[in-house]
Amino acid sequence: MNLNKPELSKDELYRRLEEAEEIIRAIREGEIDALVIRSSAVSAEEVFTLDGGAESYRSFLEAMDVGAAAFDAGGNFLYGNAALCSLLDKSFDQLASRGFLGVFDKHNREVIRTAIAEAQQHKSKAEVQVIVGSQLKRLMFHADALKLGVTDAVALTFTDITDRILSEQRQEAERTALAILSSAAEAVVVSDLDGIVTHANTAAVTLAACNPVGMRFGEAFALEFKAATGLMQGDDFLSLALSGQSVQGVEAIAPKGRVTQDVLVSAAPLRVAENQTQGAVVTLVDLSRRKIAEKQQLLLMRELDHRVKNTLALVVSISNRTASTEDTVDGFRQAFSGRIHALAATHNVLAERAWSSILLSELVTAELAPFIHDLHRRFTISSGDIEILPRAAVPLGLIVHELATNAAKYGALSAEGGTVSVVLEPENDGNSRVITWEEHGGPAVKEPTKRGFGRTVIEKSLSYSPDGGASLEFNESGIRCRIRIPVEDITSPEVDG
Amino acid sequence: MTATSGTKKLVLYVAGETPKSIAAIRNLEKICTESVPGKYTIEVIDLKKNPQLAREHNIVAIPTLVRELPTPIRKIIGDLSNSEKVLVNLQVGGEE
């Protein structure tokens, strides 16, 4: 016992013992990284750190070009190098006082926190975003475990990938723009402020008959503006767009392509950013198809006019001739409306087929439908089918109507069990194709003494050509009619079935 | 060493910017802000700069947090990452 030292109380001794044990525990568990030693030589305290290279690691971090930071396992921000401070535009003290993670928003904070928490198990990398000043920066970071003396730590390195991503986005946007340009079916041309073509898609190259890039727009396409009476040239057109005005839908002729094309030209200023005009975009829409369609429409209108006039003339003729052969108004009404309906039935079928042609079977079926309910039992058509053009189809429809009317009134269709067959001869007879209408099972037939308009219709309707016509035979077993259709009015070979 | 009325002073001894020293400062700030706001003021003493100040509280291991009042004096050694342990030690012998 040192007699110079005061006696310590029992409580004080316990307290000191407890403290000594706590220090030993803290050292053993790595909770401290510095010790105070009193040097007996100079009788003064000195601090010795146990950070085992932490200082050199900090120097290493400072030497790095990329932003780097160290955290302890609990996520406490220990160091951040100058590159990181510069990246985030903050001083070290600002980063330290905001706990570093405070610089990031909630989502990005969580991403970094998770990477730190998992770094002892595995390395990771992720992208985070942070607002620096007014700019959104995109940072790629890598997290890895690190031992700083007695401390389990985590090192994070940050690389600014904003410019790279922006550059990639710009390249992608440019690729997309070029893809759109080349995919466009219409000709698209881009020119710079001097009117020199900088981009042209395939359709534009075809119109110019050469690659127009590098040429003046006017020279490359030599457009002729019909409506402008020579006052407007291709370059004037472009000047309007370059001055900021859009020009839409002007018709022009592009004479330089393989075929001279009618085109619809539109031009608009090319504004890339902040309303700055950097050139002009010109589109040239091919009007050839539209022009063809317009011509086709005109032809159709004329054809329709012709047909309507023909039909009206036919109706007037039918009306007059029916009136001259019918004795009563009722008789006239029935015969006239029957014939008009026959005309309408053929018209309907022809209209459904856009006035191209009509199948023989379709025509006969349409004309017989009003007379025979059990069509399949009482009517047969054999030896195939043919396509008949409108010129022959309309009179043939009238002939079939007259034959059916007669059959229903006096012939095979007036008696139960009577039948009608229509037979198409398999071969042409000279320049005619023969169809035979034959009735069976009706009342005995005698040749009529009076010649009605119906017979005239049958015999004369197809006589517009020497190869057309019809002849009637009044056999006792039933009427037989031999109808000749000019071969020129048959479009296709017969179809089996 | 009582600070302004109602707040008590805690003295944290650190050794420059060693990882444990920095962690202890951050952890203590967090505990005081989140768990006992307005109750304590913190004085950080860097023994790397002034090693002789270790003498007042007989500091051996760094970091060490010292609570002077209420008596008896309490020392919490380590980086204070166990916030429950810190809070228990701060409150021993206290009115809470």
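This is a predicted model: local features need pLDDT of at least 70, side-chain atom pairs count only at pLDDT 80 or more; totals for chains, interfaces and linings use all residues.
Local features are reported at pLDDT of at least 70 and side-chain atom pairs only at pLDDT 80 or more, while totals for chains, interfaces and linings use all residues; side-chain values use heavy atoms, without hydrogens and water. Residues are numbered from 1 along each chain as its sequence is written, with chains lettered from A and ligands numbered from 1 in the order of writing.

A search over all chains finds 10 aromatic pairs. Such a pair consists of rings of Phe, Tyr or Trp (its six-membered ring) with centres within 6.5 Å; planes under 30 degrees apart are stacked, those over 60 are edge-to-face, and the rest are tilted. The pair of Phe77(A) and Phe92(A) is tilted because the ring planes stand at 35°, with the centres 5.7 Å apart. Since Phe77(A) belongs to strand S4 (residues 77-80) and Phe92(A) to helix H4 (residues 92-97) of chain A, the pair ties together parts 15 residues apart in sequence. Helices (H or I, at least four residues) and strands (E, at least two) are DSSP runs numbered from the N terminus. Phe77(A) is buried, at a relative accessible area of 1%, whereas Phe92(A) is partly exposed, at 25%. Buried here means under 20% relative accessible area and exposed over 50%, with partly exposed in between (1.4 Å probe, protein chains only).

A stacked pair is formed by Phe332(A) and Phe336(A), 5.2 Å from centre to centre and with 10° between the planes. These two residues are four apart in helix H11 (residues 329-352) of chain A, so about one helical turn separates them. Phe332(A) is partly exposed, at 23% relative accessibility. Elsewhere, ring pairs join Phe71(A), Phe77(A), Phe92(A), Phe100(A), Phe104(A), Phe141(A) and Phe158(A) into a cluster.

Chain B contains two helices and five strands, arranged along the sequence as β-α-β-β-β-β-α. Of its 96 residues, 52% count as buried. A contact requires heavy atoms within 4.5 Å; among the contacts in chain B with a separation of 6 or more, 60% come from residues 24 or more positions apart.

The pockets complete the picture. A pocket is an open set of points on a 1 Å grid over the protein atoms alone where a 1.4 Å probe fits, with protein on both sides within 12 Å along at least five of seven lines; its lining residues have an atom within 4 Å of a point. Grid points are joined across faces, edges and corners, and the volume is the space filled by probe spheres set on the points.

The largest pocket holds about 1,000 Å³ of space. It is lined by 35 residues, and those closest to its centre are Thr405(A), Asn406(A), Lys409(A), Tyr410(A) and Gly454(A). H14(A) gives the most to this lining, with seven residues.

The second largest pocket holds about 760 Å³. Among its 32 lining residues, Gly74(A), Gly75(A), Asn76(A), Asn27(B) and Lys30(B) lie nearest the centre. H4, helix H5 (106-118) and strand S7 (151-160) of chain A, together with helix H1 (19-34) of chain B, each supply at least two lining residues. The largest share, eight residues, comes from H1(B).
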